[in-house]
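Biologist: I would like to learn how to read the features of a model one by one. Please start wherever you like.

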Amino acid sequence: MLGNFREGVTAVEEPVDCPNVSTIACKYASIFQKFLQHSNLPVWNIFKNTGFWRQLMVSTVGFEDALITRSPGISNEAPADAPLCLLPIPKADVPPESDEINNVVDARIHDYISNLRFSISPTAFFQVNTLAAEKLYSLAGDWACLGPNTLLFDICCETGTIGLTLVRLVGMVIGIEMNASAVSDAHRNAEINGIKNCSFVCTKAEDVMGSLLKEYLNVPQKQVIVLIPLQVAKGKFLLLGKGIPHQILYLILKGVHVMSLKIGKSASGCSENGRQEVQSVLQKSEMPENGSSLGQQFENVVAIVDPPRFGLHPTAIRTHPRLRRLVYISCNPESLVANAIELCTPSSVKTEKGNKDNRGWRNMSSAGLALHRAKSMPNSEAFQPIKAMAVDLFPHTQHCELVMLLER
């Protein structure tokens, strides 16, 4: 597309002179163009919104001689649940007439970000500029102020790239994504890289955020039964007496509820037998090793969102008070501004009464519509924009990724 259809430009040209399109992709486009000239299925008509053939996607990895690994044909006229037909790609070193079972390359690509290996299915999104993506995800992690006590939500996570590249810095990552094949990729990628402290959910973020926060933040504290030697129990300061092993004090300081203190029959409160008796009960009660917590208590809840071009449903974030920090990554400045208005407008702003026929929205800008929607949202604490930065993932184009930090 040589220009924007919204501006009246409808010309389509071959990608031969595009510096950001590889020669192998141009070659496949040329081959496919010749195929379309003999196809019985019509080409998509941009004015009538009809037709079948509309877009060919070619993905390559590595240098110009790399093996192409996926090239699905996509049409917007097909229903959302229509099966996607992949074009089989014969292996280069096997004759076409061969009957070998494995004569077709698996329709997925493998790429690396931050020393992690990612397996990507044809319909899943993946940043093509991996070196710049590393910078982008590192910036998001820095702004998110991550730590071992952080519960990180990777919203619109696709193949799990953001969460998995930052997982070593946090206690737990929860990825949320609507694309089922992408969620399957995310699970696969976590397994490939040996990552355990992550979970991925296939659904809308606004439908599941509340239940996930309750599940991971309202972790019941483990109850411990501690056996105390008899002589120690007679002491005036039971829990601070010299006869109390340090493990019991550790449990109390960590907030673990000591359900009951059973009195033993040890003759001496400070005897070795008494200490061994207490140690035995503590071990049976899952005493943590090396200072690890008995139950993960997340003090810092952060979300990083990287939504599609139309933006994020604001209630997925704003209506949950435990979520204090948000890093928003956007490929569309217009939707980012709209979402920022919805997230940052105070609930005290009242809806202004307009015309009863409600036709005024047709002439509103996206920012105006966002302000109108913000006024009708449930009462909740607003975010504040802290800082923003542009990251150029698309050289030779006018596009860039925008990153904004919001806090409350």
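**Reading contacts, burial and cores**

Modeller: Leaving aside neighbours within four places in sequence, Thr315 is in contact with Glu206, His320 and Met377. Contact means heavy atoms within 4.5 Å. This is a predicted model, in which local features need pLDDT of at least 70 and side-chain atom pairs count only at pLDDT 80 or more, while totals for chains, interfaces and linings use all residues. Residues are numbered from 1 along each chain as its sequence is written, and side-chain values use heavy atoms, with hydrogens and water left out.

Biologist: How many residues apart in sequence are Thr315 and Glu206, and how many Å apart in space?

Modeller: They are 109 residues apart in sequence and 6.1 Å apart in space, C-alpha to C-alpha. In the protein, 64% of the contacts between residues at least 6 apart in sequence join residues at least 24 apart.

Biologist: Where is Thr315 found, and with which side chain does its own side chain make a polar contact?

Modeller: Helices (H or I, at least four residues) and strands (E, at least two) are DSSP runs, numbered from the N terminus. Thr315 is found in helix H9, residues 315–318. A polar contact is a pair of N or O atoms within 3.5 Å; within protein, one must be able to donate a hydrogen and the other to accept it, and residues adjacent in sequence count only if both atoms are side-chain atoms. The side chain of Thr315 makes one with the side chain of His313, at 2.7 Å.

Biologist: Arg318 is also found in helix H9. Is Arg318 buried or exposed?

Modeller: Buried means under 20% relative accessible area, exposed over 50%, and partly exposed in between (1.4 Å probe, protein chains only). Arg318 counts as buried because its relative accessibility is 1%. Its side chain reaches the backbone oxygen of Glu342 at 3.0 Å and makes a polar contact with the side chain of Ser380 at 2.8 Å. Beyond four places in sequence, the residues touched by Arg318 include Thr345, Met377 and Arg408.

Biologist: Where is Thr345 found, and why does it count as buried?

Modeller: Thr345 is found in the loop between H10 and helix H11 (366–375). It counts as buried because its relative accessible area is 9%. Its side chain reaches the backbone oxygen of Ile341 at 2.5 Å. Not counting residues up to four places away, Thr345 touches Arg318, Leu371, Ala374 and Ala382.

Biologist: Which residues of helix H5 are buried?

Modeller: An α-helix has 3.6 residues a turn, so residues three or four places apart point the same way. In H5, Ala205, Val208, Met209, Leu212, Leu213, Tyr216 and Leu217 are buried. The buried residues of H5 pack against strands S5 (150–155), S6 (172–177), S7 (198–202) and S10 (300–305), and against H9.

Biologist: Which residues have the most contacts inside the largest nonpolar core?

Modeller: In soluble globular proteins, nonpolar side chains tend to be buried together. A nonpolar core is a set of buried Ala, Val, Leu, Ile, Met, Phe, Trp, Tyr and Cys residues joined through side-chain atoms within 4.5 Å. The largest here has 39 residues, and those with the most contacts inside it are Leu152, Leu164, Phe200, Ile304, Val327 and Val403. Helix H2 (residues 130–144) supplies the largest share of this core, eight residues. Apart from this core lies another of 31 residues, among them Leu212, Tyr216, Tyr328 and Leu406.

Biologist: Which residues does UniProt list for "binding site"?

Modeller: UniProt positions are given in the numbering used here, feature names are shortened, and annotations may be inferred rather than shown by experiment. The unreviewed UniProt entry lists Gln127, Glu177 and Asp306. Gln127 is in the loop between strand S4 (116–120) and H2, and it is buried because its relative accessible area is 5%. Asp306 lies in the loop between S10 and H9 and counts as buried at 14% relative accessibility. Among the residues that Asp306 touches are Gln127 and Glu401.

Biologist: Where does UniProt place the feature "active site"?

Modeller: The unreviewed UniProt entry places it at Cys331. Cys331 lies in the loop between strand S11 (325–330) and helix H10 (333–344). It is partly exposed because its relative accessible area is 21%. Leaving aside neighbours within four places in sequence, Cys331 is in contact with Arg309, Cys400 and Glu401.
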